[in-house]
Amino acid sequence: MFSQKLSSKDNYINLRLICDDLNTKYGFVFLNKSNLVEHKYNKNNGQIKTKENFLHYIVDENYIYLEKIHENSGSYFRINKDSLYLNDNEENKCIILQTSILEFFSNLKKQQFN
């Protein structure tokens with residue numbers, strides 16, 4: 001269902017990542033060489049939201065940098081390509097999905113709230 005590592009030479013088009021952050025799971029779908037779509041799953045109430053506008057990302061040798069995610073703080077996410085940690089925090093691991101993010105979130109919601 002998922003793999004554990006990205007290389008600096010990977011093609012990120014169609015990459016699907018799920019990342020944990022406190023009470024939210026973020027799902028990212030990389031559309032092309034610079035744009036992605038963000039989906040959010042709220043662990044407290046099971047609400048699933050999708051950003052209407054495409055976000056941007058850039059890649060260097062060690063990280064994938066994602067455009068402004070936390071609207072309140074204006075901070076950026078970065079994903080370590082070797083460890084798949086979100087912002088280098090060991091408690092916030094990302095996974096690479098082979099399935100649809102919305103399908104993954106829907107199944108998670110069913111398991112959590114049924």
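C94 is buried, at a relative accessible area of 0%; buried here means under 20% relative accessible area, exposed over 50%, and partly exposed in between (1.4 Å probe, protein chains only). The model is predicted, so local features need pLDDT of at least 70 and side-chain atom pairs count only at pLDDT 80 or more, while totals for chains, interfaces and linings use all residues. Residues are numbered from 1 along each chain as its sequence is written, and side-chain values use heavy atoms, with hydrogens and water left out.

What is C94 joined to? C94 forms a disulfide with C19, and the two sulfur atoms are 2.1 Å apart. A disulfide is counted when a pair of cysteine sulfur atoms lies within 2.5 Å, and by this rule there is one disulfide. In general, such a link is a covalent bond between the sulfur atoms of two cysteines. The link of C19 and C94 is right-handed, with 110 degrees about the S-S bond. It ties together distant parts of the chain, as C19 sits in strand β2 and C94 in strand β10, 75 residues apart. Strands (E, at least two residues) and helices (H or I, at least four) are DSSP runs, numbered from the N terminus. Like C94, C19 is buried, at 0% relative accessibility.

A nonpolar core is a set of buried Ala, Val, Leu, Ile, Met, Phe, Trp, Tyr and Cys residues joined through side-chain atoms within 4.5 Å. The largest one has 19 residues, and L17, F28, F30, I64, L66 and I79 have the most contacts inside it. At least two residues of this core come from each of β2, β3, β6 (55-59), β7 (63-70), β8 (75-80) and β10. Strand β3 gives the largest share, three residues. A second, separate core has eight residues, among them I18, V29, I95 and L97. In soluble globular proteins, nonpolar side chains tend to be buried together.

Strand β3 also holds K25. Is K25 buried or exposed? At 15% relative accessibility, K25 counts as buried. Its side chain makes a polar contact of 2.6 Å with the side chain of D20. A polar contact is a pair of N or O atoms within 3.5 Å; within protein, one must be able to donate a hydrogen and the other to accept it, and residues adjacent in sequence count only if both atoms are side-chain atoms. Leaving aside residues up to four places away in sequence, K25 touches several others, including H39, Y41, F105 and L108; contact means heavy atoms within 4.5 Å.

F105 belongs to helix α1, whose buried residues are I101, F104 and F105. Seen down the axis of α1, these fall within an arc of 95 degrees, so they line one face of the helix; the arc is that of the directions from the helix axis to the C-beta atoms. The buried residues of α1 pack against β2, β3, β4 (35-42), β5 (48-50) and β10. At the start of α1, a side-chain oxygen of S100 comes to within 3.3 Å of the backbone nitrogen of L102.

Two loop residues remain. N14, in the loop between β1 (2-3) and β2, is not a glycine, yet its phi is positive, near 75 degrees. N14 is exposed, with a relative accessible area of 53%. L22, in the loop between β2 and β3, has a positive phi of about 50 degrees and is not a glycine either. At 73% relative accessibility, L22 counts as exposed.
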